[in-house]
Amino acid sequence: MTEPQTVKVMVVDDQQLMRDGISSLLSIQEGIEVIGTAANGQEAIEQALVLTPDVILMDVRMPVMNGIAATEQIRRQLSTCQVLMLTTFDDEEDIVKALIAGASGYLLKDIPAQDLAQAVRLAHRGIYQLEPSIAGKLVGVLNKQAGSSPAAPAKKESSAQTVAAQFDLTEREMEVLQLIATGATNREIAEELVVSEGTVKNHVSNILSRLGLRDRTQAAIFARENNLL
């Protein structure tokens, strides 16, 4: 039987006590190895390029460079490295900015050690990690953005035409993008458009590629920011 792969983790936090505590908690978890730490975003970038961790646990608010700015640069330079935000701050603006920057999830520091370890393992497999309270805030932000500036049908149509032309999206791909923004699954989209799930998956892949996005969450944010709903 093949041994499970060890996940190499780096911990980034401006408080040494927090760095040491998180590192100690993770070091006793099966299948996880803490290979380094950093005290700010700039150090995180430098260390990540040398150590090439699988997953980085990144604080948000730090001196020199914050975690969101560091996440964007790390994701650009190390596409296989997943970044999980781990913070005490659950501000809506931070959550959205972190996800747009490429974070694979957003967790709060009161998370139990075993849950944190599992989040690291799942993030390494490419599975998004959002605590229920954070997910609720994200949905609230998206709904607020959609409701605060209700676009007239003509404006919505104009926005859709602009996006389609700019990113060379077909009419069907635009329909899929709009449904993604509502939170619909591939199966639900397939039922709505009367096509197969495989066809929907192909459309989603094309959409993400043409928009330069990494996942459905970023696609949903993009759609709402561009008044496609």
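**Entry 1**

I started with Lys97, which is partly exposed, with a relative accessible area of 42%. The model I am reading is a predicted one. Which residue does the side chain of Lys97 meet in a salt bridge? I found Glu93, and the N to O distance is 2.8 Å. Glu93 is exposed, its relative accessible area being 51%. The cut-off for exposed is over 50%. I noted a general point: side chains of opposite charge can pair when their charged atoms come close.

**Entry 2: other salt bridges**

How many salt bridges does the structure hold? I noted 10. I looked up a few of them.

The side chains of Arg210 and Glu173 meet in a salt bridge, at 2.7 Å from N to O. Arg210 belongs to helix H10 and Glu173 to helix H8, so this pair ties together parts that are 37 residues apart in sequence. Arg210 is partly exposed at 36% relative accessibility, whereas Glu173 is buried at 3%.

Next I took Asp215, which forms a salt bridge with Arg214. The closest N and O atoms of this pair are 3.8 Å apart, and the cut-off for a salt bridge is within 4 Å. Is Asp215 buried or exposed? I noted 11% relative accessibility, so Asp215 counts as buried. Arg214 has 29% and counts as partly exposed.

I also wrote down a network of salt bridges that links Asp13, Asp59 and Lys109.

**Entry 3: the sheet**

I turned to the strands. Strands of a sheet pair through backbone hydrogen bonds, either parallel or antiparallel. Here I found an open sheet of 6 strands with parallel pairing. In what order do the strands lie? I read the order as E2-E1-E3-E4-E5-E6. The edge strands, each pairing on one side only, are E2 (32-38) and E6 (129-130).

E3 and E4 pair in the parallel sense over 4 bridges. Which residue in E4 is the bridge partner of Met58? I found Met85.

**Entry 4: helices across the sheet**

Helix H1, residues 16-27, lies across E1, E2, E3 and E4, and H1 runs at about 170° to E2. Helix H5, residues 113-124, lies across E1, E2, E3, E4, E5 and E6. H5 runs at about 155° to E4.

**Entry 5: the nonpolar cores**

The largest nonpolar core has 29 residues. Which of its residues touch the most other members? I listed Val12, Ala44, Ile56, Met58, Ile74, Met85 and Tyr106. Met58 and Met85 are also the bridge partners from my sheet entry.

Several elements each supply at least two residues of this core, among them strand E1 (7-12), helix H2 (41-51), helix H3 (67-77), strand E5 (105-108) and helix H6 (132-148). H4 gives the most, with 5 residues.

I took Ala44 as an example. Leaving out residues up to four places away in sequence, Ala44 touches Met10, Val12, Ala38, Met58 and Ile74.

**Entry 6: helices H9 and H10**

The axes of H9 and H10 come within 8 Å and cross at roughly 110°. The range for roughly perpendicular is 65 to 115 degrees, and H9 and H10 are therefore roughly perpendicular to each other. Which residues meet between the two helices? Asn186, Arg187, Ile189 and Ala190 in H9 meet Glu197, Val200, Lys201 and Val204 in H10.

**Entry 7: two positive phi angles**

I finished with two residues in loops. Asp168 has a phi near 55°, a positive value in a residue other than glycine. Where does Asp168 lie? I found it in the loop between helix H7 (153-167) and helix H8 (171-181). Asp168 counts as exposed, at 56% relative accessibility.

Val194 is not a glycine, and its phi is positive, about 55°. Val194 is in the loop between helix H9 (186-193) and helix H10 (197-211). With a relative accessible area of 73%, Val194 is exposed.

Technical notes. Residues numbered from 1 in each chain as written. Predicted model: local features only at pLDDT ≥ 70, side-chain atom pairs only at ≥ 80, totals over all residues. Heavy atoms only, no water. Core = buried A, V, L, I, M, F, W, Y, C linked by side-chain atoms within 4.5 Å. Buried < 20%, exposed > 50% of the residue type's maximum accessible area, 1.4 Å probe, protein only. Contact = heavy atoms within 4.5 Å. Pairing = 2+ DSSP bridges. Axes fitted to C-alpha atoms, helices over the stretch in contact; angles between N-to-C directions. Parallel < 35°, antiparallel > 145°, perpendicular 65-115°, else oblique.
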